[in-house]
Amino acid sequence: MTDPDSVWRLMNDSTLVGTISVDDSDMPWLRGRFFPEPAFGQFKPWFDEVNTLIEAEEFERFDDAYDRIEDALTLVSPSGPVAEFLLHIDQDRAWFRWHGVVTG
């Protein structure tokens, strides 16, 4: 179980892209305020595209668009990097689900 007041980090290699201050949990989803760092600017269009695809119900294009996000970024829990995640960011809000903490 994740502490509802935890802070998660979004990373690109060793660069901090942003932090998520979790303020709500509706398992399996966690929600919180997103605080972008300057590096987020290069990834923001990807999240915007994913949001647009969902709104347009173009689910067949979602996987390809989202794969870029998961390939380039790492979501880091208070316990360490997670193995898999599905992250949405819209303005200053983020919601995500995750599975498995990376070990070794």
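The protein has 2 helices and 6 strands. Both are DSSP runs, numbered from the N terminus: helices are H or I with at least four residues, strands are E with at least two. From the N terminus on, the order is β-β-β-α-α-β-β-β.

This is a predicted model, in which local features need pLDDT of at least 70 and side-chain atom pairs count only at pLDDT 80 or more, while totals for chains, interfaces and linings use all residues. Residues are numbered from 1 along each chain as its sequence is written, and side-chain values use heavy atoms, with hydrogens and water left out.

Now the overall shape. The radius of gyration is 13 Å, which agrees with the value near 13 Å for a compact globule because the protein has 104 residues. That radius is taken over C-alpha atoms, and the globule rule is 2.2 Å times the number of residues to the power 0.38. Along the principal axes, the C-alpha atoms fill a box of roughly 35 × 30 × 25 Å.

Next, burial and surface. Of the 104 residues, 37% are buried, meaning under 20% relative accessible area with a 1.4 Å probe, protein chains only. The protein exposes about 6200 Å², computed by the Shrake-Rupley method with a 1.4 Å probe. Carbon and sulfur atoms supply 48% of that area.

Finally, the aromatic rings. The structure holds 6 aromatic pairs. Rings of Phe, Tyr and Trp (its six-membered ring) pair if their centres lie within 6.5 Å. Trp8, Phe96 and Trp98 form one aromatic cluster.

Key: Buried means under 20% relative accessible area, exposed over 50%, partly exposed in between (1.4 Å probe, protein chains only). Rings of Phe, Tyr and Trp (its six-membered ring) pair if their centres lie within 6.5 Å; planes under 30 degrees apart count as stacked, over 60 as edge-to-face and the rest as tilted.
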